Amino acid sequence: MDIRQLKYFVGVVEAGSFTKAASLLHVAQSALSLHVRQLEEGFGTQLLVRDRTGISVTASGTKLLERARTILREIRLTEIELTNTTASPSGEVTIGIPSGAARVLSGLLLESVRNELPRISLKMIEGMTGPLEEWMAAGRFNLAVLYRTAESAGRMTVLAREEFCLVVPPGEPPFENEIPLADLHAFPLAVPMRNNNVRRSVADVVAQHGCVLNVRFEVDSLSTIINIVMEGKAYSILAPSAIQREASQGQVRTVKIIDPVITRSVVLAVNPKDEQSPAVSAVRKLIPNVTRTLIESGQWPATAPVRA
């Protein structure tokens, strides 16, 4: 028994005769007869009774007809589902995004998913990088935007490269546009907790160059850190994307850190078990395009990776 035999059997029953079925199915009447006869031989029972007026279905034929219709319907639904999934993916995709990147990425990303992937529901979880790393490792996200050093991006997709800056309260020194890393010790800092990837990136470079930082506050909340700086209680070290809004409004200033410049990569990670998911793949493919659009339009102060 094969799918074609079931299709022909159902076609003959529904048409009421081999002649009509041959016309509707565009198959020779002799071929239809052969396939039905092979079914009967395979099951060892008569399925149809042929007479001058057409055909009638035996009890065994009625049972097969019911099952055959179910099988053929499931095959059609499967074909539709797989075709639609590839052409128009659907489902829920969960993505974790650090608070800094979310400030520049989330708006256009949500809009792009809504316009280009209307059947996908994007669930976005924003947080500090420490918890996001842990949740991604635990498999809570399909995708995650994470921070890495340029050397540790591995196989993850690099979305952008950012340079850290000293975030300065309004009206406070330094008033230059750049500051050497060795001079940062003079400023009291509010920074993320030690398990935060941003904190680790900066600390590694500071340690390599024998410098020290004057950390006054450790806070796992980007908005709280920004408020502390705006209120003049401390400085911070962040990527420009994290405070672009406040800087444009004059609520804080940014001073580029040099000698050396501290850089990081913004990368996109995918949960290994979701790599074959059409919905996850669609969002995964969309995010680099959204990121490049933001960078090229000046909305994300970062450098886009060189196109392959």
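In this predicted model, strand β7, which spans residues 165-168, pairs with β11 in the antiparallel sense, and three bridges connect the two strands. Within this pairing, Val167 stands opposite Ser236, a residue of β11. In general, the strands of a sheet are joined through backbone hydrogen bonds, in either a parallel or an antiparallel arrangement.

The two strands belong to an open sheet of four strands, whose order is β8-β12-β7-β11 and whose pairing is mixed. At the edges of the sheet lie β8 (178-180) and β11 (236-238), each of which pairs on one side only. Neighbouring strands of the sheet are turned against each other by 40 degrees on average, when direction is ignored. Helix α8, formed by residues 222-230, lies across β7 and β11, and its course makes an angle of about 135 degrees with β11.

A separate part of the chain concerns Glu40, which is found in helix α3 (residues 29-43). Glu40 has a relative accessible area of 12% and is therefore classed as buried, since the cut-off for a buried residue is under 20%. A polar atom of the Glu40 side chain lies 3.2 Å from the backbone nitrogen of Leu48. When neighbours within four places in sequence are left aside, the residues in contact with Glu40 are Thr45, Gln46, Leu47, Leu48 and Arg50.

As to confidence, the protein chain averages a pLDDT of 90, and 95% of the residues score at least 70. Confidence is highest in β7, at 97, and lowest in helix α7 (residues 197-208), where the mean is 82.

Notes: Residues are numbered from 1 along each chain as its sequence is written. This is a predicted model: local features need pLDDT of at least 70, side-chain atom pairs count only at pLDDT 80 or more; totals for chains, interfaces and linings use all residues. Side-chain values use heavy atoms; hydrogens and water are left out. Two strands pair if DSSP finds at least two bridges between them. Axes are lines fitted to C-alpha atoms, for helices over the stretch in contact, and angles run from 0 to 180 degrees between N-to-C directions. Contact means heavy atoms within 4.5 Å. pLDDT is the predictor's confidence in each residue, from 0 to 100. Buried means under 20% relative accessible area, exposed over 50%, partly exposed in between (1.4 Å probe, protein chains only). A polar contact is a pair of N or O atoms within 3.5 Å; within protein, one must be able to donate a hydrogen and the other to accept it, and residues adjacent in sequence count only if both atoms are side-chain atoms.
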